[in-house]
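This report sets out the architecture of the model shown below. It takes up domains, chain folds and contacts in turn.

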Amino acid sequence: METILALTRDDRHPVASYHISAGRRQAGRGLILLASLGFAAIFLLQFLRAIGETDIGFANWRPVLYAYVIWSIALIAGQVMIRGERGQPAVFLLPALLFTIAMVIFPTFFGLYIAFTDWNLSSLTGRHFNGLDNLRALFADSYFWNAIVNMAYYVLAVLVQYAIAFALALLLNAEIRGRKFFRVVFLMPFMLSPVAVSWMIGKSILEYRFGPVASFARELGWDIPAFFASPWIARASIMAMDAWVSIPFIMILLLAGLQALPGEVLEAAKVDGATGWQSFWKITFPLMLPVSLTAVVLRIIFELKLADIVINVTAGGPGGATDTVSSFIYREYRDRSNVGYGTMLAEFYLVIIIIFVSLLLTLASRWMRRVT
Amino acid sequence: MTAVAPVAARRKDDAARRARYVSGRVVIYGALIFWAFISLFPIYWTVTTSFKVAVDVTQGHLIPWIDYTPSWKGWRSLGLSPDTIFQTSTVRDEFMQRFENSVLASVGASLVAVIIGSLAGYGLSRFEYKFGPWRNKDISFFFLSQLILPPVVLAMPFLALYKELALLDSIVGLLLIYTLTVLPIVIWIMRDQFGSIPRELEEAALIDGCSIWTAFLRIVLPVALPGMVAAFILSVVLCWNEYFFAALLTSSDAKTLPVMVASQTGSQGINWWSMAALSTAAIAPLAIIGIFLERYIVKGLTAGSVK
């Protein structure tokens with residue numbers, strides 16, 4: 001059991017030499033063993049009850065959760081008992097690690113199982129294994145592929161967000177008065193809940209009868225300012241709202257990057273007579289590439305989860321033009337109670353995301369190495 | 001060369017430079033004010049709309065006291081206007097309960113995440129772990145990779161899991177999943193924070209005979225406090241705004257503010273004043289955090305990304 005978290009000794013930490021008695025080691029091992037056995041027993045009992053083999057056990061699985069918590073504590077305490085000071089570092093890492101593993105590993109595997117069933121909450125027959133039916137349905141589902149294509153548009157929109165955010169970061173980095181005021185104001189949209197933003201902007205400011213933007217558009221000569229009726233305009237409106245919320249995030253990262261730039265280089269360029277435009281493209285922009293890349297990649301990862309605004313403003317409409325994968329799956333769960341199929345879509349999407357993001361990271365790091 | 005240039009030409013040169021300087025300033029401040037307007041107008045609109053009545057909405061009035069008289073109608077429908085706030089009413093209780101749920105879930109999850117995330121961040125920045133073939137770098141990457149997981153992947157398994165664990169529609173269930181979603185960010189920030197603290201600080205204490213824990217709690221933590229505050233505040237913001245899990249995993253008892261806002265958006269015609277009041281109340285705590293604790297949010301967001 002003590003190999004669970006073998007620790008190479010860190011020489012930079014002078015740990016007092018410290019003798020651990022054999023009895024203490026035994027006790028530590030015993031504790032872990034006991035806790036493991038107890039946890040396994042409770043799990044087994046509950047499992048037997050769930051499949052109808054036995055009547056004893058608990059009304060729900062909550063005791064298994066408590067057993068896991070106790071097992072975790074015993075595991076951590078055991079590390080310290082067995083290895084003394086050298087077991088201490090495990091105490092730092094294990095809580096977060098055990099928590100994440102419990103919260104992610106189990107749902108992921110359980111999700112894989114659900115994905116291959118025909119589980120529908122509204123059907124009376126419960127769930128049955130149905131092999132590759134869900135996968136076959138997925139490949140034939142034009143709404144899902146439509147949502148995937150929309151995600152490509154939304155991800156491309158991140159580049160526009162980046163351009164605006166860069167401009168704002170440059171503005172805030174210029175010699176201006178009230179920099180702090182403008183920084184707070186520009187950050188404000190990031191603080192607001194996307195759901196509230198959905199109402200504030202999507203459902204009232206852009207509302208076609210009384211919304212101020214609609215009235216303004218009418219003044220300008222657009223007779224029927226409907227922001228969510230035709231596919232491209234609706235998509236653009238959603239992108240604008242999403243940009244409003246997320247530009248501050250990119251802006252803050254870029255601003256920090258700008259402030260960390262070596263001032264002498266820009267001074268030297270100025271002395272040499274470079275115009276602002278030249279020194280931006282020749283010096284600032286290349287120096288900002290690493291930060292830019294971090295900001296854009298992070299933003300793309302978050303963009304792939306886009307759902308709240310779409311769910312609350314258009315529910316994917318008109319005709320699926322604004323649908324994101326997340327909002328589509330959300331409706332699959334909520335409106336059609338199609339748990340098995342929805343989970344298959346989600347797992348499939350996860351695979352696409354993992355491939356896409358690792359590709360993105362590889363390309364980004366390769367490109368960075370070539371540029372620098 | 002300039003010394004022999006005619007005075008008139010030099011003056012002209014100065015004037016041109018000054019004109020360029022002034023026009024540059026005008027452009028910069030114009031752009032700043034334009035974007036400040038874009039950032040603030042929706043908030044201004046929501047706050048002012050919460051004091052309107054039907055006729056002000058349909059006629060598109062914009063400025064209180066000048067083109068319409070503010071009214072407490074919207075706030076009264078939430079039970080939060082000055083004359084109703086001290087009376088018990090179902091609408092007020094409903095709002096207060098949602099508000100409380102949001103506070104409990106976001107503050108609770110952020111606390112848990114900051115505690116276990118700080119421990120892990122410290123461990124990863126100071127000790128060398130070996131976990132099978134995994135080293136520190138791989139463990140950090142494992143934590144960080146959780147960021148990629150879209151909520152939809154976890155949603156259904158959690159719904160089934162929580163049903164079995166009797167955690168559905170409970171604050172504890174929500175708190176656990178929020179902890180999971182912010183933990184990678186907290187670990188990222190804290191690892192960066194501890195990494196910037198020189199090791200000599202604890203080494204001196206360890207040589208003096210302190211244990212690892214005393215050194216961590218007494219000496220390192222106080223220095224790392226700004227990072228912890230930043231991680232905590234950023235987590236609160238993210239959890240407070242979370243909608244997806246709350247919408248799927250709660251139904252009545254544990255519903256949070258975003259779910260309440262979302263459930264009301266579809267159910268009215270132009271009952272804008274009460275929606276605006278609700279939205280204002282939902283965003284107010286974060287707007288206040290944004291104004292007073294802005295530097296912590298900036299610190300949290302930029303941790304580790306700019307070197």
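## Domains of chain B

Into which domains is chain B divided? In this predicted model, the division gives domain 1, covering residues 7-78, and domain 2, covering residues 90-302. Taken over C-alpha atoms, the centres of domain 1 of chain B and domain 2 of chain B are separated by 35 Å.

The two domains of chain B touch through 13 residues of domain 1 and 13 residues of domain 2. On the side of domain 1 of chain B that touches domain 2 of chain B, helix H1 (7-49), helix H2 (54-58) and helix H3 (73-78) each supply at least two residues. H3(B) gives the most to this side, namely five residues. By class, the residues on this side of domain 1 of chain B comprise six nonpolar, five polar and two charged.

## Fold and dimensions of chain B

Chain B contains 13 helices and zero strands. Its pattern, read along the sequence, is accordingly α-α-α-α-α-α-α-α-α-α-α-α-α. The radius of gyration of chain B is 27 Å, whereas the globule rule gives 19 Å for 307 residues; the value is well over that of the rule, so chain B is more spread out than a compact globule. The C-alpha trace of chain B spans about 80 × 70 × 35 Å along its principal axes.

Of the 307 residues in chain B, 43% are buried. When contacts in chain B between residues at least 6 apart in sequence are considered, 71% of them join residues at least 24 apart.

## Domains of chain A

For chain A, the domain assignment gives domain 1 at residues 22-115 and domain 2 at residues 136-371. A distance of 41 Å lies between the C-alpha centres of domain 1 of chain A and domain 2 of chain A.

How many residues of domain 1 of chain A are in contact with domain 2 of chain A? Four residues of domain 1 of chain A are in contact with five residues of domain 2 of chain A. The side of domain 1 of chain A that touches domain 2 of chain A consists of three nonpolar residues, one polar residue and no charged residues.

## Fold and dimensions of chain A

The secondary structure of chain A comprises 14 helices and zero strands. Along its principal axes, the C-alpha trace of chain A spans about 80 × 65 × 40 Å.

Buried residues account for 38% of the 372 residues in chain A. Among contacts in chain A between residues at least 6 apart in sequence, those joining residues at least 24 apart make up 68%.

## Contact between the chains

How many residues of chain B are in contact with chain A? The contact involves 83 residues of chain B and 82 residues of chain A. The side of chain B that touches chain A has 63 nonpolar residues, together with 14 polar and six charged residues.

Technical notes: Residues numbered from 1 in each chain as written. Chains lettered and ligands numbered in written order. Predicted model: local features only at pLDDT ≥ 70, side-chain atom pairs only at ≥ 80, totals over all residues. Domains from an automatic or database assignment. Contact = placed C-beta atoms within 7 Å. Helix = DSSP H or I, 4+ residues; strand = E, 2+ residues; numbered from the N terminus. Nonpolar A, V, L, I, M, F, W, Y, C, P; charged D, E, K, R; others polar. Buried ≥ 20, exposed ≤ 12 C-beta atoms within 10 Å, placed from the backbone. Rg over C-alpha atoms; globule rule 2.2 N^0.38 Å.
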